[in-house]
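Please read them with the structure open beside you.

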Amino acid sequence: MKKVFYLGLLVLSLVIVTSNYSFAKENETIGAKDVPVTLDELEHLGEVAYFNENTGEYFVWLDKTNEPSSLTSATYSNSSLRNFSFKIRYSLDVGYIYVPTSSIQAVIHDAYIGDSNSTVMNGFNDYPYALDFSPRGLFGGQQTITMNIATKKIGYLDGLRAGSDYYLTVRNPGRLPDGLYIYGSGSIFAN
């Protein structure tokens, strides 16, 4: 009889321990941002420029492509060229963006360091990341807008070739601890 009692107590203890463990795991993700995790979810947001199924890294244009048109650069002044969202670990080559004016402004609406489940990690407010713009063709060098997670959300580039395509790379110039990513969303404006 004692064996049955102890066996029952052992089973009951295991049930309690495992239920507390799962409760604790659920609470760890409180504060996580709602970010897409599958290619289907990303495709519903917009034009997927990059997706890595293994790491969950992505870059999505949240609007239509900005193809060159017959509009003049004055028409584009202070207008949004593209809106985007990303999750990166090191660097992502995004593709070309048409720049109708000689200067642009990047505005980051939200940026943070998080784990693979998008749980926000504290202590990274000054962590840098960069948007590199390289002109199509042989002439002109790469120009970079460097931002950081909490304190610098707006960056400018001048001296661009109006009416040209620029290749965009989102880059992590630092080194994050294993399992952490840079999450962000923003817009690129013509000035």
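1. Ser-187 touches Ser-80, Arg-82, Asn-83, Phe-84, Gln-105, Ala-106, Val-107 and His-109, leaving aside residues up to four places away in sequence, where a contact means heavy atoms within 4.5 Å. With one of these, His-109, the side chain of Ser-187 makes a polar contact of 2.8 Å, that is, a pair of N or O atoms within 3.5 Å, one able to donate a hydrogen and the other to accept it, with residues adjacent in sequence counted only if both atoms are side-chain atoms.

2. Ser-187 lies in strand S10 (residues 180-190), strands being DSSP runs of E with at least two residues, numbered from the N terminus. Ser-187 counts as buried because its relative accessibility is 4%, the cut-off being under 20% with a 1.4 Å probe and protein chains only.

3. This is a predicted model, in which local features need pLDDT of at least 70 and side-chain atom pairs count only at pLDDT 80 or more, while totals for chains, interfaces and linings use all residues. Residues are numbered from 1 along each chain as its sequence is written, and side-chain values use heavy atoms, without hydrogens and water.

4. An open sheet of 4 strands runs in the order S4-S9-S6-S7 with antiparallel pairing, where two strands pair if DSSP finds at least two bridges between them. Strands S4 (91-99) and S7 (143-148) stand at the edges with a single partner strand each, so one side of each has no neighbour in the sheet.

5. Strand S6 (residues 128-135) pairs with S7 in the antiparallel sense over 6 bridges, and Leu-131 stands opposite Ile-145 in S7.

Key: Buried < 20%, exposed > 50% of the residue type's maximum accessible area, 1.4 Å probe, protein only.
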